[in-house]
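User: Hi! I'm new to this one and would like a quick tour. Could you look at it with me?
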Number of protein chains: 2
Amino acid sequence: MRVVLAAAAALACMSAAAEEPAKHLTMGEIIAASKPDEWRAFDPADMLVMTLSGGRTIVIALAPAFARNTVANIKILVAQRYFDGLAINRVQDNFVTQWGDPNAEDAARKRPFGAAAPTISPEFTRPFDKRIAFTRLPDTDGFARHVGFVESMPAAHDRRAMWLSHCTAMVGVGRDVAAESGNGAELYAVIGHAPRQLDRNITLVGRVIHGLEHLSSLPRGIGALGFYEKPEQRTPIVSVRLATETPGLRYETLRTDSASFKALVEARRNRRDEWYKVPAGHIDLCNVPLPVRAISPKPQ
Amino acid sequence: MRVVLAAAAALACMSAAAEEPAKHLTMGEIIAASKPDEWRAFDPADMLVMTLSGGRTIVIALAPAFARNTVANIKILVAQRYFDGLAINRVQDNFVTQWGDPNAEDAARKRPFGAAAPTISPEFTRPFDKRIAFTRLPDTDGFARHVGFVESMPAAHDRRAMWLSHCTAMVGVGRDVAAESGNGAELYAVIGHAPRQLDRNITLVGRVIHGLEHLSSLPRGIGALGFYEKPEQRTPIVSVRLATETPGLRYETLRTDSASFKALVEARRNRRDEWYKVPAGHIDLCNVPLPVRAISPKPQ
């Protein structure tokens with residue numbers, strides 16, 4: 001079977017690699033050789049677990065360092081079970097999958113926000129802060145002066161402000177024309193080529209770390225902007241919970257400030273496996289994969 | 001309903017815009033104001049029409065200027081009805097959808113190539129040729145010295161070689177480790193963030209100009225590299241035809257060397273509608289939309 005990429009063999013080579021180290025390790029080899037302290041568990045207090053009909057589970061790591069007020073508002077909504085029984089309302093090909101209240105514009109039928117705020121001052125950027133560790137990519141792009149990672153999030157800064165970048169899998173807050181109109185009750189995940197033009201224009205609150213395929217493989221809406229035209233086309237949301245309520249679901253990620261992550265970025269900038277004939281010598285922020293793996297929760 | 005982008009209103013404003021021209025036109029306004037001679041019909045002799053079960057139609061514009069021998073081989077396969085009854089075998093999330101013969105590796109069961117070649121010298125790049133019109137983007141990226149468009153295709157060059165770029169919707173030729181092992185019998189379309197590291201490593205033969213959503217919304221395979229594990233998970237291909245055989249399907253595209261396309265690129269580099277608060281001042285090659293529309297075939 002011809003394939004576009006042959007990467008699966010990498011892990012199988014580890015025992016051989018331990019005896020006779022290859023000069024250029026693949027991503028699989030780098031992950032296998034990484035040390036336990038290079039991994040960081042996602043904090044369940046900043047993780048959402050969304051379950052769609054059919055038991056499809058999507059896990060989202062939140063980024064309160066970038067969107068403190070919006071993340072807090074989302075947690076209020078989740079605690080009120082606001083999202084349970086709502087739906088995925090919009091899937092626009094090569095762009096976003098969006099969920100929330102299909103009746104949000106109908107004052108009589110919309111679900112009440114309860115203790116959550118209906119509007120929030122925009123958190124499109126946050127002030128630059130040297131104390132926030134920023135792991136810079138070796139390469140640059142035209143969208144920002146500095147691009148790299150803050151913990152598990154792709155991010156950028158210009159020494160005055162910092163912001164999250166709209167890479168595939170990032171989760172943001174739908175809004176109207178008014179900058180403060182987003183509140184976290186309507187969320188989207190990027191499912192296509194990174195729409196970096198949205199950076200600094202909308203509040204990003206985190207990234208999907210598990211189950212993105214359940215959002216990206218949904219039927220596209222054929223209404224304007226990918227909205228579904230008929231209610232029965234929407235995918236129901238069974239529940240959204242904070243991961244503190246789902247003890248079986250725990251994940252960890254390779255720290256982006258670790259030596260292994262640095263090696264991974266270099267391995268992806270210049271692919272050295274036999275399949276590749278010309279290493280790119282460059283990587284785009286949104287092409288950097290984030291290793292994430294499930295972990296067993298500690299015994300109570 | 002809060003949306004990530006409010007673009008639909010653009011077309012509705014055209015009559016007003018004609019009386020009192022806006023300083024910054026949106027993409028919809030630019031397309032509406034474009035002139036007929038800024039559009040170019042896709043040549044049906046270089047267009048494939050792939051029909052999946054359920055009547056889902058995907059149209060692919062071929063690029064013989066970049067992959068002359070591989071495109072010719074694909075046309076031989078299509079003329080032999082090679083693809084009819086084969087299947088989509090692999091969908092890897094945020095990467096590619098791939099189709100061909102599920103039994104390609106089984107000498108006893110594989111479908112014969114007939115008059116088509118089993119191997120083809122790689123067409124990963126082609127010699128630079130000043131006579132091939134190259135419309136340069138105003139922005140650059142780290143993957144190539146010059147990026148832009150050759151007709152409807154995203155492309156790059158370094159004044160010695162030219163090549164097509166792996167943007168979303170591009171169609172390429174699966175291959176094994178050997179560079180010449182691709183032949184066009186196994187094809188893939190990019191359905192996720194542009195994997196530009198594949199540029200100059202694999203033969204690209206064209207781009208999907210209609211129906212990409214039928215490839216990107218398919219269930220993901222859970223086998224290695226997104227291959228389906230069970231035959232019944234594969235989506236059957238009803239037929240692949242050259243568009244010369246499908247007289248009802250004709251498309252045209254805004255010429256990438258036209259004034260309207262130039263205006264469109266600028267409108268996307270710096271979004272000026274009221275929704276956007278900070279124009280990006282930059283565009284990535286793979287974020288440039290290609291306007292394509294159906295046209296009525298000329299009476300026979």
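This is a predicted model: local features need pLDDT of at least 70, side-chain atom pairs count only at pLDDT 80 or more; totals for chains, interfaces and linings use all residues.

User: Which residues in helix 4 of chain B are buried?
Analyst: The buried ones are B:Thr70, B:Val71, B:Asn73, B:Ile74, B:Leu77 and B:Val78. They sit on the same side of helix 4 of chain B, because their arc around the axis is only 160°.

User: And which residues are exposed on the other side of that helix?
Analyst: There, B:Arg68 and B:Ala79 are exposed.

User: How far apart are the end C-alpha atoms of helix 4 of chain B?
Analyst: They are 17 Å apart, which agrees with the 16 Å that 12 residues should span at 1.5 Å a residue. The helix is followed by B:Arg81, which has a positive phi, near 65°.

User: Switching topic: where does B:Ala115 lie?
Analyst: B:Ala115 is in the loop between strand 5 (96-100) and strand 6 (126-127) of chain B.

User: Is B:Ala115 buried or exposed?
Analyst: Exposed, with a relative accessible area of 62%. B:Ala115 still touches B:Ile76 and B:Gln80. B:Ile76 is 39 residues away from B:Ala115 in sequence, yet their C-alpha atoms are 6.9 Å apart in space.

User: Last one: what rotation superposes chain A on chain B?
Analyst: A rotation of 180° does, with 0.0 Å of shift along its axis and an RMSD of 0.0 Å. That is the relation of a two-fold axis. The copies meet through the same surface, because 100% of the interface residues of chain A are also interface residues in chain B.

Key. Residues are numbered from 1 along each chain as its sequence is written. Chains are lettered from A and ligands numbered from 1 in the order in which they are written. Side-chain values use heavy atoms; hydrogens and water are left out. Helices (H or I, at least four residues) and strands (E, at least two) are DSSP runs, numbered from the N terminus. Buried means under 20% relative accessible area, exposed over 50%, partly exposed in between (1.4 Å probe, protein chains only). Contact means heavy atoms within 4.5 Å. Copies are superposed by least squares on the C-alpha atoms of residues with pLDDT of at least 70 in both. The expected span of a helix is 1.5 Å times one less than its number of residues. The arc is that of the directions from the helix axis to the C-beta atoms. Lists of a residue's contacts leave out its neighbours within four places in sequence.
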